[in-house]
Amino acid sequence: MVNWLICPKSVPVAVSKTDNVKIITPELNQFADAWDVDYRKYHDLFIPESKKAAIAVSVSA
């Protein structure tokens with residue numbers, strides 16, 4: 001488990017992806033008389049090999 005991670009803002013490369021958006025109209029919504037928008041949001045963080053030396057991490061078992 002990572003307790004904390006310290007690095008300059010220029011080190012990580014953040015990626016965000018939105019999966020297919022599903023829009024449900026009020027006529028088809030079984031739970032409310034309202035629009036429903038369903039989607040999944042994925043996040044990832046990449047650290048280039050050349051910049052790993054600039055990172056400080058505290059890890060526990």
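The following questions and answers concern a predicted model.

Me: On what basis are the values given?
Reply: Residues are numbered from 1 along each chain as its sequence is written, and side-chain values use heavy atoms, without hydrogens and water. In this predicted model, totals for chains, interfaces and linings use all residues, side-chain atom pairs count only at pLDDT 80 or more, and local features need pLDDT of at least 70.

Me: Which pattern does the chain follow along the sequence?
Reply: Helices (DSSP runs of H or I, at least four residues) and strands (E, at least two) are numbered from the N terminus. The chain has zero helices and six strands. Its pattern is β-β-β-β-β-β.

Me: What radius of gyration does the chain have?
Reply: The radius is taken over C-alpha atoms, and the globule rule is 2.2 Å times the number of residues to the power 0.38. The C-alpha trace spans about 55 × 25 × 15 Å along its principal axes. A compact globule of 61 residues would have a value near 10 Å, but the chain has 19 Å.

Me: What percentage of the residues of the chain count as buried?
Reply: Buried means under 20% relative accessible area, exposed over 50%, and partly exposed in between, with a 1.4 Å probe and protein chains only. Of the 61 residues, the buried share is 8%.

Me: Which side chains meet in a salt bridge?
Reply: A salt bridge is a side-chain nitrogen of Lys or Arg within 4 Å of a carboxyl oxygen of Asp or Glu, and the whole structure holds one. Lys52 is partly exposed at 42% relative accessible area, whereas Glu49 is exposed at 62%. The N to O distance is 3.2 Å, and the side chains are those of Lys52 and Glu49.
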